[in-house]
Each structure stands twice: as structure tokens, then as C-alpha cells.
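User: I am new to this structure and would like to go through it step by step. Please begin with a single residue and its surroundings.

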Amino acid sequence: MADIESAYLERDQMQSTNLRDEYLQHFLRNEPVVGIEYEAQLQKTLLPHISAAEISRFAENYRTTCSCLIKTVEPKACTTVEEVKDIVSKVQALEESGQIPPWDEEHIPDEIVARKPDPGDIVSQCDFPEFGATEMVLSNGMRICYKCTDFLDDQVIFSGFAYGGLSELSETDYLSCSMGSTIAGEIGVFGYKPSVLTDMLAGKRAEVGTKVGAYMRSFSGDCSPSDLETALQLVYQLFLTSVMPGDEEVKLVMQMTKEAIKAQERDPFTAFANRVRELNYGKSYFFKPIRAKDLKNVDPIKSCQYFDSCFKDPSTFSVVIVGNIEPAIALPLILQYLGGIPKPDKPVMHFNRDELKALPFTFPKSVVREVVRSQMVEAQCSVQITFPVDLKGPHVMEEIHFVGFLSKLLETRIMQVLRFKHGQIYSVNVSVFLGGNKPSRTGNVRGDITVNFSCDPDSSWRLVGLSLDEMLCLQEQGPSDLDVSTILEIEQRAYENGLQENGYWLDRILRGYQSRFYAGDLNVSLKAQDEWRNKVRSSLTKVTMQEALQRILPSPCTKQYTVVVLMPKLPRLQRLKSFLFSGEKRLGIEGKVLIGTTGTLVLAAFWWKYSRARNVT
């Protein structure tokens, strides 16, 4: 009901793509298009009159005797038809004899916060009329910045962050603490079990999530303006809850985590992503994927204690709130639930951004090309080409904007070659990661630029070569004037659209606080963002883009990169042929000796088997 109410309130602000998809389903599946007004009225009229008894009667249509189809999905076929029939018949017999007890309803509290906290005070306040934002520092030290918008009538989004994360941990503590979010999340980080909290939030549109990264801890949320109090109550509970795992809870959570990890290990794309990360960022403990066998070394108590400490001290957090906010209503709620978070007697995880511990981050110094083979139902192939980025000097922020323009240029040109010229792919994605170094105000900015696409397995290496050739051509000859004007137009359109979106403003204000030039004045930081963007845009020509390609990427780009290709696993005979062929190319004379030796062994085995067959007959 909350979803349909939200859609109704934003009916005049709906994206055209939503309407397009609705008409598409009408054309393909003959689904009725009744309009959001009628759909909302229909649900509001009918839902309150649907009783539990009616649902129970309707559920009779889904008994196993009513043309029921049961499908099992397993890594390997283990379950037999007879076993499934036996289980179904047992359940049916229990149901018919009335031996299945009613569902044991858990106690659902009426309020998320049992005792309302005393409101905090505003210590200082500053308005930024150019950006339509207001900043407050509360009595518990938490910094709040809010911006009122009318882009969407039923949306308020927020995010809070604090410096200091997993990079501060020792290798011995890392495994247990890195599992903190997973274990605590399954037990309940808001003071209630997830199943109970789900029932408490029924009919409300409010959600809050957490993240503990390398250099930051953060929480974020999305809610309806009418449910802002509920969302802020969840944040309040996050800071006050101490997750205490019981023996049964730990056993259940660890089993669920083990099964989830096993499922990931069977996923070809997880193996592919793990190898890419290991290759590009080194084999340190921080980038090592967690295996099922590692779970025996996890201390759940330590995991939960670390998670609790991540969200304990409000004075370390800066919070940004954007959306359809009515200050007269929202401010008392902010003061009560965010300002009411008690500040601990001693600072907890209070870090200086310039003194954070850097990650062990090492990119290969030369070219590395690898194939990851995985068992697949349908043959698929994914390719990732990665180039290191290391931005230095006094104009780092301008360089960051250059990286954004270069990524769009590379994406456009590689797409033209691979799709429109050779017709081999549907899409290509060029993405940027600049979070390799700690977020200090003076250090270099390190990361990478990646090129990703999916293709036919037989064409993968040829397409890798075409992509590298196109990038090398851009470095040596530069882009055309048309390329530059196209990129500028795409960026301008994205910028204009972003100005009308809550998510854009949330991200922009957060980047203002996290900027290396932020020194307490958000207004200065936000203005500097515009100045850097305008400076780079005005200087962008085919010559400056070519220089940036040579300066930011390895020059030439073919001298330092990694490429990992995900391929389907070959049959055994084909794998042997592939190994022999690759061995010959890789080892030269030694490879030929290896091939000769292997061939002799295969021939001897064949004659041995043949002679045995003759002796038997």
C-alpha cells in the first residue's frame, strides 16, 4: 500500500521510461493500462476488505494435489523424484491430520523507540543560499546539512559518513571484523530481529542501510516525508543498539553465511571478479575473498563488537538530508533522534583523515593477460581490461574531472569500433575507481580505469586487441573535434538532469564534505567543484584531451595493463589440446619437449588398453 501511495503522490513526476515499460507490457502481454489514479483507488478500496480467511481459502488452490509442479535447483543432481514425493506426502498427511500448528507470531512492539530521547540543541548554523542548503552542528557533535527540494513529492534521502574503517585493522583482526556487517545484520542492528522489524515497518516507506568500507563507515536511507520520523528512529537505534549474538543465532547466521559463500564460489562471475581484484590490487589479506573454510576462524563476538563501535560516536559523523522536507516538521525530529544520540564519554573511532592507514595497493608493473574458466550452463564470455591511474601534483581535482571526460570518450569510441563497425557486442562500459589511496588532503589519488564488455568466447582476444588499438590511436592521434563536442554535450546533459535529482545533490554535498579542499566551509568546497568543472570544460579540445590520455593513462597504453577473460570450461580433451598449444607458445623448445613427452605417454596408454582388449578376446 505504501508503494502505490508513493506512486500516486509522484504521478506527475514519473519518469517517461516507466510509462514506456507499462505500454510495452500492454503490447507484449496484453496487460491493462488503467493509470495510476485508478490503480491507487482500486487498491485503497479493495485491500482493507480482504480478510485472512479469504486468503486461507484462496490458498487451497495451491495444495500439492492441485496440479503442482515442484522444481529443485542444486549444484549437482542429488535429489530423486521419489524423495520429493515422499517429503510432499508427509507434509500433506500432517496438514490433513491437523498436526501442523498455527504460525507462532512473534511479539511486534508498537514503537521502534520505546523511550523518546531528549532533543539535542543546535550549537551553530550556517545557510548557503546559492545551493539552497543549511548546515547545523548539534550539541552531540554531529554535523547535519539539509536541502529542501520539490523534485519528487514522496522522497527524502539521506546519508551519513565518518572517517576510519577496515584499513585500520591488523591482519589478525581483519577476517572477523570484516564479517561484522553480515553477522550483525542478520541478528539485527536496529535493536530488533530483521523479521520483527519487517512487520514493524509494514505500511511504512522507510529503510536504512549501513556500510563499513576501507576508509569510511556510513549509513544511508530513503523514506517518504510522512515516514521521516520512522527513518530517523532507525538511525537512533543503530547508534544505541549493542548487538549481542546468542549461541543459536550465531550457529544459524554462520550456516547461512557459509551457504551464501558456497553459492558465490559456484558463480562464474564471482570467480572472475575475485581474480580481477586479486590481480589488480595484489594478494594482500584485504583483497582476498572469504572462503567457506575461513569461517571457522571468525569470532562472531568480535565481529559484532567491531560493528557496534563503528556506529557509536555521533560526533564523528556528517549527515546530509535531501528531499521534500518541511523544516518546521523535520527540524524537531532531527534534533530529537539525531541530536538525541548520546555522545560517549571517550571518543570512539575518532580518526583524522590525513592519518588513516593506507591499503596495501599494488598494480602490476607490466602487461598481464589471464583466462578464468568456469563451468557454465550457457557459454558466456566477459572481458575486463584495467589500466592504473595515479594522479599527482597541485591540480589533482582538475585531473579528476579530466578522468571523467576521458572515460566517456573511451566508452564512446570503443563502442563505435566493437559494435557499430564490427558488430560483435551490444554495449561496453568504461568505469573509474579512484579510491585506492586514503582520502587525505595532500596525497596522490590512485585507482584505475576499466573497460568491460561481454562477447562471444571465440572473439574475445580479437576484441581485446581492437580495444587496445583504438585507445592507442587516441593517444597517438587524438580525438576529433566531433568527439570533443559530443562528450561535452553528453556531460552537460547529465549535469542539467542531475540538478533536478535528489540523488545528485546528496552526492554533491557529500563530495563537498569529503573534498581535500574542505576545511570547515562547505560553501567554499561546493564553489570549488563548479570552478574545477568549468575550468576543465573550457580547456577541453582535441589537443588537451590527447595530452590527458597520455598523461593519465600509461603511455603507450599497451605497456601496462591487465586483461582477464571469463571463459566457459572446456571438455577434458579440448583442455588438453589447449594446454599443449599454449605450452608450445609459452615454452618454445621446452614446450616441444613437453608435447613430445605427453604424446608418447598418451600413445603408450592407448596401446596398453588396445593390447588388453585383444588378450581378453
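This is a predicted model: local features need pLDDT of at least 70, side-chain atom pairs count only at pLDDT 80 or more; totals for chains, interfaces and linings use all residues.

User: Which residues is leucine 499 in contact with, leaving aside its neighbours within four places in sequence?

Analyst: Contact means heavy atoms within 4.5 Å. Leucine 499 lies in the loop between α16 (481-498) and α17 (502-514); helices (H or I, at least four residues) and strands (E, at least two) are DSSP runs, numbered from the N terminus. Leaving aside neighbours within four places in sequence, the contacts of leucine 499 are Phe151, Tyr504, Trp505 and Arg508.

User: How far apart in space are leucine 499 and phenylalanine 151, C-alpha to C-alpha?

Analyst: In sequence, leucine 499 and phenylalanine 151 are 348 residues apart.

User: Is leucine 499 buried, exposed or partly exposed?

Analyst: Buried means under 20% relative accessible area, exposed over 50%, and partly exposed in between (1.4 Å probe, protein chains only). The relative accessibility of leucine 499 is 23%, so this residue counts as partly exposed.

User: And is valine 368 buried or exposed?

Analyst: Valine 368 sits in strand β8 (residues 368-374). Not counting residues up to four places away in sequence, valine 368 touches Leu279, Tyr561, Thr562 and Val563. Threonine 562 is 194 residues away from valine 368 in sequence, yet 4.7 Å away in space, C-alpha to C-alpha. With a relative accessible area of 19%, valine 368 is buried.

User: In what order do the 5 strands of the open sheet lie?

Analyst: Two strands pair if DSSP finds at least two bridges between them. The edge strands, each pairing on one side only, are β8 and β10 (428-433). The pairing is mixed, and the order is β8-β12-β9-β11-β10.

User: Which residue is the bridge partner of serine 382 in β12?

Analyst: Strand β9 (residues 382-391) and strand β12 (residues 562-568) run antiparallel and are joined by 5 bridges. In β12, the partner of serine 382 is leucine 566.

User: Which residue stands opposite tyrosine 146 in β7?

Analyst: Strands of a sheet pair through backbone hydrogen bonds, either parallel or antiparallel. Strand β2 (residues 133-138) and strand β3 (residues 143-148) pair in the antiparallel sense over 5 bridges, whereas β3 and strand β7 (residues 318-323) run parallel, joined by 6 bridges. In β7, the residue opposite tyrosine 146 is isoleucine 321.

User: Which elements do the buried residues of α13 pack against?

Analyst: Helix α13 (residues 327-337) has the buried residues Ala330, Leu333, Ile334, Leu335, Gln336 and Tyr337. They pack against β1 (122-128), β2, β3, α9 (228-240) and β7.

User: What share of the residues of the chain counts as buried?

Analyst: The chain has 21 helices and 12 strands. Residues 24 or more positions apart account for 81% of its contacts with a separation of 6 or more. Of the 617 residues, the share that counts as buried is 42%.

Terms used
Residues are numbered from 1 along each chain as its sequence is written. Side-chain values use heavy atoms; hydrogens and water are left out.
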